[in-house]
Amino acid sequence: MQSPALRRVDAAAEYDTAERCAILELSNVAADPEVSIARARVAPGVVTAWHRLRGTAERYLILEGRGRVEVGGLAPAEVGPGDVVAIPPMCAQRIANVGDGDLVFLAICTPRFVPDCYEALE
């Protein structure tokens, strides 16, 4: 980060992805290449697509709802508010919403997420 900044987020900028979740970029700018932060929202009953990130580590910080995460060789695990899932680069991942309401989490990537790092596995 080169200088102090304040970024305001427009909630209407949320978009649906082929991964089967909605994303709202909270902070993902070239001026701050070390990290990006996005809010992900998965509808009830939906399982996101298997994918991995090349050269980028990701952390899910669960904010709302209940999910079942599958990461690399770990056994599927239930997650809820306050849980953090650490996902190394090139690690296959997906998450299912197993609750009645939306599953909402922050996706924190280092270095910042760029579309070229995304690799679909389905």
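**Salt bridges in the chain**

A: Glu-70 is buried, with a relative accessibility of 14%; here buried means under 20% relative accessible area, exposed over 50% and partly exposed in between, using a 1.4 Å probe and protein chains only. The model is predicted, so local features require pLDDT of at least 70 and side-chain atom pairs pLDDT 80 or more, whereas totals for chains, interfaces and linings use all residues. Residues are numbered from 1 along each chain as its sequence is written, and side-chain values use heavy atoms, without hydrogens and water.

Glu-70 forms a salt bridge with Arg-94, with 2.7 Å between the closest N and O atoms; the term denotes a side-chain nitrogen of Lys or Arg within 4 Å of a carboxyl oxygen of Asp or Glu. This pair links strand 6 (residues 67-71) to strand 9 (residues 93-97), its members being 24 residues apart. Strands (E, at least two residues) are DSSP runs numbered from the N terminus, as are helices (H or I, at least four). Shared partners join Glu-14, Arg-39, Arg-41 and Asp-102 into one network of salt bridges.

In total, the count is 7 salt bridges. One of them pairs Arg-20 with Glu-122 at 3.2 Å. Arg-20 lies in the loop between strand 1 (15-16) and strand 2 (22-27) and Glu-122 in the segment after strand 11 (118-120), so the pair ties together parts 102 residues apart in sequence. Arg-20 is partly exposed at 40%, whereas Glu-122 is exposed at 55%.

Another joins Glu-119 to Arg-54 at 2.8 Å. Glu-119 belongs to strand 11 and Arg-54 to the loop between strand 4 (51-53) and strand 5 (57-64), 65 residues apart. Arg-54 is partly exposed, with 37% relative accessibility.
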